[in-house]
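The entries below follow the order in which I looked things up.

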Amino acid sequence: MFVKIHGEQHYRWQAVDQDGEVVDVFLQKRRDGKAAKRFFKRLLRKHRGEPRKIVTDKLRSYEVAHRELIPETIHDPSQYA
């Protein structure tokens with residue numbers, strides 16, 4: 001999902017916990033591996049602990065951030081996880 005700010009497109013990154021509560025929202029201009037790593041680092045720093053499992057959409061940049069930052073965490077990109 002994206003939002004336009006002053007005519008420029010920004011992507012909304014959103015983290016939700018297992019109860020469906022929004023944990024964090026972050027706007028960035030890109031949706032690449034570097035942007036995904038920034039978002040994951042922000043979440044890990046803010047919540048001080050690694051998650052047991054992350055569920056994402058099938059964006060390939062999540063795979064880069066997962067592999068480099070939290071490889072021991074289970075990553076599930078399936079639609080109904």
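**Entry 1: core.** I looked up the largest nonpolar core and found 12 residues: Trp13, Ala15, Phe26, Ala35, Ala36, Phe39, Phe40, Leu43, Ile54, Tyr62, Ala65 and Ile70. By nonpolar core I mean a set of buried Ala, Val, Leu, Ile, Met, Phe, Trp, Tyr and Cys residues joined through side-chain atoms within 4.5 Å. Buried stands for under 20% relative accessible area, exposed for over 50%, and partly exposed for what lies in between (1.4 Å probe, protein chains only). Strand E2 (8-16), helix H1 (33-47) and helix H2 (60-69) each supply at least two residues of this core. H1 gives the largest share, five residues. Helices (H or I, at least four residues) and strands (E, at least two) are DSSP runs, numbered from the N terminus.

**Basis of the numbers.** This is a predicted model, in which local features need pLDDT of at least 70 and side-chain atom pairs count only at pLDDT 80 or more, while totals for chains, interfaces and linings use all residues. Residues are numbered from 1 along each chain as its sequence is written, and side-chain values use heavy atoms, with hydrogens and water left out.

**Entry 2: Ala15.** Not counting residues up to four places away in sequence, Ala15 touches Glu21, Val22, Val23, Asp24, Phe39 and Leu43.

**Entry 3: aromatic rings.** How many aromatic pairs does a search of the whole structure find? It finds four. Rings of Phe, Tyr and Trp (its six-membered ring) pair if their centres lie within 6.5 Å; planes under 30 degrees apart count as stacked, over 60 as edge-to-face and the rest as tilted.

I checked Trp13 and Tyr62 and noted an edge-to-face pair, because the ring centres are 5.5 Å apart and the planes stand at 80°. Trp13 lies in strand E2 and Tyr62 in helix H2, so this pair ties together parts that are 49 residues apart in sequence. Trp13 counts as buried at 0% relative accessibility, and Tyr62 is buried with a relative accessible area of 10%.

Next I looked at Phe26 and Phe39, whose ring centres are 6.3 Å apart with planes at 15°, so I logged the pair as stacked. Phe26 is in strand E3 (residues 22-28) and Phe39 in helix H1, so the pair ties together parts that are 13 residues apart in sequence. Phe26 counts as buried at 14% relative accessibility; Phe39 is buried at 3% relative accessible area.

I also noted that Trp13, Phe26, Phe39, Phe40 and Tyr62 form one aromatic cluster. Arg31 lies over the face of Trp13, at 5.4 Å from the ring centre. The criterion here is NZ of Lys or CZ of Arg within 6 Å of the ring centre and within 35 degrees of the ring normal.

**Entry 4: pocket.** Which residues lie nearest the centre of the largest pocket? They are Ala15, Val16, Lys53, Ile54 and Val55, out of a lining of 24 residues. E2, H1 and strand E4 (53-55) each supply at least two residues of that lining. The space in the largest pocket is about 850 Å³. A pocket is an open set of points on a 1 Å grid over the protein atoms alone, where a 1.4 Å probe fits, with protein on both sides within 12 Å along at least five of seven lines; lining residues have an atom within 4 Å of a point.

**Entry 5: His6.** I checked the backbone of His6 and found a positive phi of about 55°, although His6 is not a glycine. Most residues other than glycine have a negative phi. His6 is in the loop between strand E1 (2-5) and E2, and counts as exposed at 81% relative accessibility.

Entry 6: Lys37 lies in helix H1 and counts as partly exposed at 23% relative accessibility. Not counting residues up to four places away in sequence, Lys37 touches Val64, Ala65, Glu68 and Leu69. Lys37 and Leu69 are 32 residues apart in sequence and 7.5 Å apart, C-alpha to C-alpha.

Lys46 also lies in helix H1 and is partly exposed, with a relative accessible area of 45%.

Note on methods: Contact = heavy atoms within 4.5 Å. Points joined across faces, edges and corners; volume = space filled by probe spheres on them.
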